[in-house]
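The stops below go one at a time.

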Amino acid sequence: MTVMDYEIVIGLEVHCQLLTKTKIFCGCSTDFGNPPNQNTCPVCTGMPGALPVLNRKVVDFAIRAGLATNCSITSSNIFARKNYFYPDLPKGYQISQFELPICLGGYLDIEVEDETKRIGITRIHMEEDAGKLVHPEYEHGVSFVDYNRACVPLIEIVSEPDMRSSAEAVAYLKALRDIMVYLEVCDGNMEEGSFRCDANISLRHWGAPEFGIRAELKNMNSFRNVQRAIDYEVERQQDILDGGGTVVQETRLWNVERGISMSMRGKEEAHDYRYFPDPDLLPVVIDDSWVDEVRQSLPELPAAKRRRFVSDYGIPEADTEVLTADRDLADYFEAAVEIFPQPKAIANWIMAELLKFLNEDRIGVANCPVTPRGLAELLMLIDDGTISGKIGKQVFSQMFSAGDNDPKQIVADKGLAQMSDAGELVAMIDEILAANADKVKEYQAGKTKMFGFFVGQVMKKSKGQANPQMVNELIKERIG
Ligand SMILES: [Zn+2]
């Protein structure tokens, strides 16, 4: 393979649907999945004379997002009309921000192949979403429009063209999504479109002073599709440039099924939209005390939490990735460690057992039937030798399916406590050794691997309840 002649330049525009209860400029609900046009009123359907009123929560959320991505907050904010025609946009314009967006000049540090890279964030602005066109298959030639989503609040996060590969783009997107979910600003659901990304991609010869002509990619509803679509686009542009052609500035739609992108429309420039300040909305003045108030309420962010988990609990970085992927899971872990201060043991159980059960039943940590205290008490029983790790898994399964958080009681009721009575164990061991006299001879003749067989037999006979350490010692005493 030849070394690529071009440098890849990628910038991302991410739209996050905000988790407010009501829309950005009216009191309609933002609930998802209601019958078409149920969440509407004269404001969000663009009736003449209806006036928008800004939802304060949207500003709070945008400030949160900005502070968490190291942006400065603009003190005087202007809403602007972005004019274009589309059937799902009844006013004929979208209320957005243009010259004075709420956040400017931030950054995010990402990790790619063990290296940290800083990706600039140009701006974050607030805007309203459009409605949705529905093209039912059963009614050929007819389309419907659903305005439930019209006026639902969004923030658009625009990066600098700082990414140089699809892997960097995906790392940036993942980091950004983790932050927005931690902030409880957005649910981060890419399939449902509440976290969506457009990518601007261009190529240039190494060392060229100017960026190449870019194409914008839309409709990538998973991290995997972002990666695939960018890789495809890079190859497409490379072929054009290698053949002496010119890349056309346009918007292209990613086709998931076919794994290709197709031209959708020529890319508009900002001046095509005839932006102007919305005369129906006053400038939003954000003073320092408002910003400080939001700053006080920021949670610990994923990267900081990962660092703290490594330094405070001494658990490996790979584990912290899993434990902090979800804020509820991180809280669960810490609650359990507080009761039973053995972080690595708890981390292992969460990753190997708890997550497996949660995934199988498709439930979130917040609804986990086993409480942090329940898990901690179970691990204490293993730690003090009352039960073995293997029996522990059985007890955990029982706790999970019955929502029973008293492992001690389960162990007592089911008689699962470990056999630590030497007399009882000796009798069992002698019986097994006698029945396997030939194997004992082999062992004594130097076939040391046989030892594991004897231990296995005892464990089997005791239904896993024999104390493995005692079994080891007792067998050793007997056969040397
Ligand atoms: Zn409304």
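## Stop 1: the cores

The largest nonpolar core has 69 residues, and the ones with the most contacts inside it are C16, A62, Y172 and M180. Helix α2 gives the most to this core: nine residues. This is a predicted model, and every value on the tour is computed from it.

Select C16. Which residues is C16 in contact with, leaving aside its neighbours within four places in sequence? They are L154, I155, I157, M180, V185, C186 and F195.

A second, separate core has 32 residues. To find it, pick L329, L379, F396 and M399, which are among its members.

## Stop 2: the sheet

Switch to cartoon. Nine strands form an open sheet with mixed pairing, in the order β2-β6-β7-β10-β1-β11-β12-β13-β14. Which strands stand at the edges? Select 72-73 for β2 and 260-266 for β14. Each has a single partner strand, so one side of each lacks a neighbour in the sheet.

Strand β6, residues 103-112, pairs with β2 in the antiparallel sense over two bridges. Select S72 and L104: the β6 residue L104 stands opposite S72.

Move on to β1 and β11. This antiparallel pair has eleven bridges. Show L12, then A199 in β11 opposite it.

## Stop 3

Select 166-182. This is helix α2, and it lies across β1 (6-17), β6, β7 (115-128), β10 (153-159) and β11 (195-205). Its direction makes an angle of about 115 degrees with β6.

Now select 223-242 for helix α3. The strands under α3 are β1, β11, β12 (215-220), β13 (250-255) and β14. Against β11, α3 runs at about 25 degrees.

## Stop 4: two positive phi values

Most residues other than glycine have a negative phi. Check E184 against that. Its phi is near 60 degrees, a positive value in a residue other than glycine. E184 sits in the loop between α2 and β11. Is E184 exposed, partly exposed or buried? It counts as partly exposed, because it has 13 C-beta neighbours inside 10 Å.

R274 is another stop of this kind. Phi of R274 is near 50 degrees, a positive value in a residue other than glycine. Look for R274 in the loop between β14 and β15 (276-277). R274 has 12 C-beta neighbours inside 10 Å, so it counts as exposed; the cut-off for exposed is 12 or fewer.

## Stop 5: domains

Colour by domain. The assignment for the protein chain gives domain 1 (6-292), domain 2 (300-414) and domain 3 (422-479). How far apart are the centres of domain 1 and domain 2? Taken over C-alpha atoms, 38 Å separate them.

## Stop 6: helix α7

Select 327-339, which is helix α7. Its 13 residues should span 18 Å at 1.5 Å a residue. The expected span is 1.5 Å times one less than the number of residues. The end C-alpha atoms are 19 Å apart, which agrees.

Show side chains on the buried residues of α7: R327, L329, A330, Y332, F333, A336 and V337. What do they pack against? The partners are α2, α5 (302-313), α6 (317-324), α8 (343-361) and α9 (372-383).

## Stop 7

Zoom to helix α10, residues 389-402, and pick K393 within it. K393 counts as partly exposed because it has 17 C-beta neighbours inside 10 Å. Draw a distance to K414, which is 21 residues away along the chain. The C-alpha atoms of K393 and K414 are separated by 14 Å.

Finish at V455, in helix α14 (residues 450-461). V455 is partly exposed, with 17 other C-beta atoms within 10 Å. Leaving aside its neighbours within four places in sequence, V455 is in contact with P468, V471, N472 and I475.

Note on methods:
Residues numbered from 1 in each chain as written. Predicted model: local features only at pLDDT ≥ 70, side-chain atom pairs only at ≥ 80, totals over all residues. Pairing = 2+ DSSP bridges. Helix = DSSP H or I, 4+ residues; strand = E, 2+ residues; numbered from the N terminus. Contact = placed C-beta atoms within 7 Å. Axes fitted to C-alpha atoms, helices over the stretch in contact; angles between N-to-C directions. Core = buried A, V, L, I, M, F, W, Y, C linked by C-beta atoms within 7 Å. Buried ≥ 20, exposed ≤ 12 C-beta atoms within 10 Å, placed from the backbone. Domains from an automatic or database assignment.
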